[in-house]
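The text takes the helices and then the ligand.

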Amino acid sequence: MQIELDESSRHWQQLVRDYVERELIPWEVTAELNSGELPPEVMQRIHGEAIRLGLPGMDAPADRGGLGLPMVDQVAAWEVLGRVTNALCWCFPEAQSWMYEACADSQYQLETYIQPLLAGKRREAYAITEAESGSHEVVNTSARPTAGGYLLNGEKWFVTSGNLADFLFVQAKVVAADSAGAGDTLFIVDLDSPGIEIVENPLFSHTFASHHPTYRFTDVLVPERNRIGGGRSGMDYSRAWFRHERMTIAARMLGAATRMIEEATAWASQRQILEEKLIDKQAVQFMLADCCTELWAARLMVYEAARAHDRGGVEPRSLHVRCSMAKLYATEMANRVADRCLQIWGGRGYRRDNAVERFFREVRVDRIWEGSSEIQRMIIAGALARRGLDAM
Ligand SMILES: Cc1cc2nc3c(=O)[nH]c(=O)nc-3n(C[C@H](O)[C@H](O)[C@H](O)COP(=O)(O)OP(=O)(O)OC[C@H]3O[C@@H](n4cnc5c(N)ncnc54)[C@H](O)[C@@H]3O)c2cc1C
């Protein structure tokens, strides 16, 4: 049930698939039973191998040393990375194309932060969400101009990989007497800056080495040179980041669903219940048939959205809506697949050493982060109301 891909996409799919099967999947249960952690020498090896393959630069422009892959090749790679549980596939940083656009006017930012991501030498995290509704981009973190830069004050919640990162992209509001330069702004903030503290590091349903701590910023001095994109609204970059993340999340859901269906089918084919194999029971067949059909629909949608991105000529706001639809459908599909496949496994499906059980917990958050399902629906319905179906 593969989608037709050109040689380049097939190449990346195969290369990353080999990496996933050889280096990542064998370590899932160890990670699950050890709070997501792997022995340091294993982490070093899987990180090193990801760098050798060039994975941090999938989206980075070729003239900066990245792979500059078309979105469809990236989707092919992220789909197979999505076959892995415990976020073991997050073992490399990503230098994304929007970062090069955002930091284009600052050689300092490119050399100090973005190129080291490409080389796998630094690690970033993205901090937008605050205690008030994360769904509606309520930003109260303030950046007050001071000599040489800004004083940052506020709190950021759920900062994924904050424990592994050494700098953050922080969305804040510049508070200035004159309106020039005031408003939503994106900053790069070094995590060793005085005034930054972790106020909470909660446990979540999944078992990942990447944590999601809450950070408090108290009079943190951020130099002027760490303000991104001159006078442009930081939200423009955050939306570019959302689009990228929504596409890669949707791609990972395809890989996760594929693996769950494979695992459930293999189990049902061998499980004898009284006189009959589980796979021969129609109720189970129907569950698997629905899984395959929905996976196929999601795959068509995600790859077509990626192709539209590569073809060009599609307005950014239409791409934005298509990313929302792909993310909405693929994440909800993966959750339905997880529920059915776990049911097919019965009691064994509830064991933490079962990949389906881990996916069951892990794909749940994909309906919440990077814009919840409700927010994606609001984006889609808003575009429909404003511009009509043909413009979506
Ligand atoms: C594990 C994890 C990791 C995360 N990582 C990051 C990160 O790295 N960086 C970052 O900035 N953020 C991160 N987030 C935050 C995430 O993006 C937010 O949790 C998400 O956007 C929802 O915001 P909220 O939790 O404040 O929920 P709320 O905004 O309080 O919403 C609660 C519920 O109400 C629904 N809702 C809201 N508005 C409406 C409406 N108008 N109509 C109908 N329903 C509505 C929402 O869909 C949701 O179901 C992470 C979250 C989690 C759980």
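The crossing of α7 and α8 is left-handed. This is a predicted model, and the description that follows rests on its atoms. The axes of α7 and α8 are 10 Å apart, and the two helices pack at an angle of about 155°. Angles over 145 degrees count as roughly antiparallel. α7 and α8 are therefore roughly antiparallel to each other.

A further helix, α9, can be compared with each of these two in turn. Helix α8 covers residues 282–311 and helix α9 covers residues 316–345. Their axes come within 9 Å and cross at roughly 160°, so α8 and α9 are also to be read as roughly antiparallel to each other. Where α8 passes α9, the crossing is left-handed. The contact of α8 with α9 has 20 nonpolar residues, together with 1 polar and 7 charged residues.

How do the axes of α7 and α9 cross, and within what distance do they come? Helix α7 spans residues 234–270, and its axis comes within 8 Å of that of α9, with a crossing angle of roughly 25°. α7 passes α9 in a left-handed crossing. In the contact of α7 with α9, 23 residues are nonpolar, 3 are polar and 5 are charged.

The ligand is the next thing to find. Which residues are the closest to the ligand? They are Ser133, Ser135, Phe158, Ser372 and Glu374, out of 19 residues that surround the ligand.

Some of the contacts to the ligand can be described atom by atom. Phe158, one of the closest residues, has a polar backbone atom 2.8 Å from a nitrogen atom of the ligand. Tyr126 likewise places a polar backbone atom 2.8 Å from a ligand nitrogen atom. With Thr160 the side chain takes part: one of its polar atoms lies 2.7 Å from a nitrogen atom of the ligand. On its own the ligand has 980 Å² of accessible area, and the protein covers 70% of that area.

Key. Residues are numbered from 1 along each chain as its sequence is written. This is a predicted model: local features need pLDDT of at least 70, side-chain atom pairs count only at pLDDT 80 or more; totals for chains, interfaces and linings use all residues. Side-chain values use heavy atoms; hydrogens and water are left out. Axes are lines fitted to C-alpha atoms, for helices over the stretch in contact, and angles run from 0 to 180 degrees between N-to-C directions. Helices (H or I, at least four residues) and strands (E, at least two) are DSSP runs, numbered from the N terminus. Angles under 35 degrees count as roughly parallel, over 145 as roughly antiparallel, 65 to 115 as roughly perpendicular and the rest as oblique. A crossing is left-handed if the near helix is turned anticlockwise from the far one by less than a right angle, and right-handed if clockwise. Ala, Val, Leu, Ile, Met, Phe, Trp, Tyr, Cys and Pro count as nonpolar, Asp, Glu, Lys and Arg as charged, and the others, Gly among them, as polar. A residue is near a molecule or strand if one of its heavy atoms lies within 4 Å of it. A polar contact is a pair of N or O atoms within 3.5 Å; within protein, one must be able to donate a hydrogen and the other to accept it, and residues adjacent in sequence count only if both atoms are side-chain atoms. Accessible areas come from the Shrake-Rupley method with a 1.4 Å probe; for residues, only the protein chains shown count as cover.
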